[in-house]
Amino acid sequence: IIATSWGMKSAGTGETELFTDSYCNICNAQLISESQRVAHYESKKHANKVRLYYMLHPEDGGPPSKKLRPDNPVSNHTPEATFA
């Protein structure tokens, strides 16, 4: 498997890219805009299909590593406790 801009090239299927900027071969989804690409590649439905793909194709080496991003960035503001 070779890393590309959005994803991986599958070694087992020739040089077909599994994920590109314009198409997701795992989900068979055409991706037109940047916002559509981001929404698709971050969706749970896509993640589940990728997980299933790699379960069925272990020779492809496994899923790409996930970029860690905090769901709730730490802020400097702490809520103050109020007492009655």
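Is M55 buried or exposed? M55 is exposed, with a relative accessible area of 61%. The close-up views below are taken from a predicted model.

**View 1. M55 and the nonpolar surface patch.** M55 lies in helix α2. Together with L52 and L56, M55 forms a nonpolar patch on the surface. The accessible area of these three residues together is about 350 Å². M55 counts as exposed because its relative accessible area, 61%, is over 50%.

View 2. A polar contact of 3.2 Å links the side chains of H46 and H40. When neighbours within four places in sequence are left aside, the residues in contact with H46 are F19, C24, C27, H40 and Y41.

**View 3. The cysteines C24 and C27, without a disulfide.** Zero disulfides are found in a search of the whole structure. For C24, the nearest cysteine sulfur is that of C27, at 3.7 Å, and C24 is in no disulfide. C27 is likewise in no disulfide, and its nearest cysteine sulfur is that of C24. C24 is buried, with a relative accessibility of 0%. C27 is also buried, at 14% relative accessibility. Both C24 and C27 are in contact with H46, shown in the previous view.

Conventions:
Residues numbered from 1 in each chain as written. Predicted model: local features only at pLDDT ≥ 70, side-chain atom pairs only at ≥ 80, totals over all residues. Heavy atoms only, no water. Polar contact = N/O pair within 3.5 Å; in protein donor to acceptor, adjacent residues only side chain to side chain. Contact = heavy atoms within 4.5 Å. Patch = residues over 30% accessible without salt bridge, like charges linked within 9 Å, V, L, I, M, F, W, Y side chains within 5 Å. Areas by Shrake-Rupley, 256 points an atom, 1.4 Å probe, with all protein chains shown as cover. Salt bridge = Lys/Arg side-chain N within 4 Å of Asp/Glu carboxyl O. Helix = DSSP H or I, 4+ residues; strand = E, 2+ residues; numbered from the N terminus. Buried < 20%, exposed > 50% of the residue type's maximum accessible area, 1.4 Å probe, protein only. Disulfide = S-S within 2.5 Å.
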